[in-house]
Amino acid sequence: MGKIKVHELRGKTKTDLTKQLDELKNELVNLRVAKVTGSAASKLSKIKVVRKSIARVLTVINQTQRTELRKFYKGKKYIPLDLRPKKTRAIRRRLTKHESSKLTLKEKKKLVHFPMRKFAVKA
């Protein structure tokens, strides 16, 4: 098998991807056996390509799984921790825009009874 392109993998189903992953793993085992037995140099150089292909397939599987989970939890009250935005600890604990824009009862009364003064400025 040659180098695998990611855009080709994205169109495949999960069963196809797992089947391809098994094939690549078997090929890697065969290449490692060939390495021990002292085979041609072309097979030795192919080990890296197969390893990277396995990584690509696993990456596509994980990404599609995460996108499906994101769709499933969209609009729900609670989202799993690994799907929530990371940001920083301080940002996560900060007040939301809604909470920070709220006024206390005392502030509301103060704004009603003592509005901002309007001045006629001479130009």
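Does Lys87 count as buried or exposed, and at what relative accessibility? Lys87 counts as exposed because its relative accessibility is 55%, where exposed means over 50% relative accessible area, buried under 20% and partly exposed in between (1.4 Å probe, protein chains only). Lys87 is found in the loop between helix 3 and helix 4 (89–93), and its phi is near 50°, a positive value in a residue other than glycine.

The model is predicted: local features need pLDDT of at least 70, side-chain atom pairs count only at pLDDT 80 or more, and totals for chains, interfaces and linings use all residues. Residues are numbered from 1 along each chain as its sequence is written, and side-chain values use heavy atoms, with hydrogens and water left out.

Helices are DSSP runs (H or I, at least four residues), numbered from the N terminus. The 33 residues of helix 3 should span 48 Å at 1.5 Å a residue, and the end C-alpha atoms are 49 Å apart, which agrees; the expected span is 1.5 Å times one less than the number of residues. Just after helix 2, Gly38 takes a positive phi of about 80°, and helix 3 is followed by Gly75, whose phi is positive, near 85°.

The buried residues of helix 2 are Leu17, Gln20, Leu21, Leu24, Glu27, Leu28, Leu31 and Ala34, and they pack against helix 1 and helix 3. In helix 3, the buried residues include Ile47, Val50, Ser53 and Ile54; the buried residues of this helix pack against helix 1 (6–10) and helix 2.

The largest nonpolar core has 13 residues, and those with the most contacts inside it are Leu9, Leu17, Leu24, Val50, Ile54 and Val57. Such a core is a set of buried Ala, Val, Leu, Ile, Met, Phe, Trp, Tyr and Cys residues joined through side-chain atoms within 4.5 Å. Helix 2 (14–37) and helix 3 (41–73) each supply at least two residues of this core, and the largest share, six residues, comes from helix 3. Leaving aside neighbours within four places in sequence, Leu17 is in contact (heavy atoms within 4.5 Å) with Leu9, Lys12, Val57, Val60 and Ile61.

The charged end of Lys76 sits over the ring of Phe72, 3.9 Å from its centre; the criterion is NZ of Lys or CZ of Arg within 6 Å of the ring centre and within 35 degrees of the ring normal.
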